[in-house]
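The entries below follow the order in which I checked them.

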Amino acid sequence: MDIIIRDDYEQMSKYAAEIIAGHIKAKPDCVLGLATGSTPINTYKELIKIHKQGLDFSRVRTFNLDEYLGVGPEPGKPYDLDQSYSRFMHEELLNHINIKKENIHIPDGRTKDPKKFCMWYEEEIKKSGGIDLQLLGIGGDGHWGFNEPGSSLGSRTAVVALTQQTLDDNYNAFYKNANIERSDMPHFAITMGIGTILDAKNILMIANGKKKADIIAKCLEGPITSQITSSAIQLHSGGITVVLDEDAASKLTNANRYRHIEKTKLQYGL
Ligand code: GLP
């Protein structure tokens, strides 16, 4: 596991975007797993910049981690009231790159049959050849996607209930600004499972800010537990890169060791 510590959010985002761009250059039809939240916003801005300098997304395929249940683009509904992750992804990244519509996969929050949809989503990921690089943030309670404390570490794409902490975090981050009543916020979501995420060939997790410091330390250096579903990162068998800013790294016991490893690898061209 490569744990990379950068000075601030801007540097963290640049580093993460370069990793994603590197994957696309090495495999132009690669399959990316994408994430939402405030953390990846600048990573996406950086990717858009790299795209403007020539990075081609025309063969890239994407699968998003999750979507709130009951929301999503709907004909006749005021666009401003659409607080879906689908809208977020289009505004923050997808509308600004040359990706093909048919290559974009975001869980359908308006599906009539969520169970069937989840099975279909899993199949589509498999049919694509599997996710080459999964981008991840981390929730305040340590979740990946919406895999809340207590979700099995082998879980697959499913409908889940959101915890109070996640509802509070996400209400303050997104819904409040859109003047949406707390009671109107969705309480359920479709999410890739932890097992689905662990199937990705490579994982790129990013986190910034002091408020992520405790949970990052627990996730990376604490015991593997279904109470912090992202701690499953310690079980992943492929390439893992974690990019943090100084604040998010501030509670890590072994931060200096990670800095040393990065330096040594650079020195020896590894
Ligand atoms: C939501 C998303 C997660 C994301 C988390 C953190 O719960 N489902 O995928 O990692 O928010 O959000 P933020 O980056 O805003 O802290």
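Entry 1. In this predicted model, I looked up Glu123 and found it partly exposed, with a relative accessible area of 40%, while Lys126 counts as exposed at 56% relative accessibility. The two form a salt bridge whose closest N and O atoms are 3.6 Å apart, and both lie in helix α4 (residues 114–127), three residues apart, which is about one turn of the helix.

Entry 2. I then turned to Lys210 and Asp247, whose side chains meet in a salt bridge at 3.3 Å, N to O. Lys210 lies in the loop between β9 (202–207) and α7 (213–221) and Asp247 in the loop between β10 (239–245) and α8, so this pair ties together parts that are 37 residues apart in sequence. Lys210 counts as exposed at 57% relative accessibility, whereas Asp247, at 33%, counts as partly exposed.

Entry 3. Next I checked Glu262, which meets Arg6 in a salt bridge of 2.6 Å, N to O. This pair links distant parts of the chain, with Glu262 in helix α8 (residues 255–267) and Arg6 in strand β1 (residues 2–6), 256 residues apart. Glu262 counts as buried because its relative accessibility is 17%, under the 20% cut-off.

Entry 4. Searching the whole structure, I noted 15 salt bridges; I also noted a network of salt bridges that links Lys27, Asp132 and Lys201.

Entry 5. Leaving aside neighbours within four places in sequence, I found Met205 in contact with residues including Trp144, Leu220 and Val243.

Technical notes. Residues numbered from 1 in each chain as written. Predicted model: local features only at pLDDT ≥ 70, side-chain atom pairs only at ≥ 80, totals over all residues. Heavy atoms only, no water. Contact = heavy atoms within 4.5 Å. Salt bridge = Lys/Arg side-chain N within 4 Å of Asp/Glu carboxyl O. Helix = DSSP H or I, 4+ residues; strand = E, 2+ residues; numbered from the N terminus. Buried < 20%, exposed > 50% of the residue type's maximum accessible area, 1.4 Å probe, protein only.
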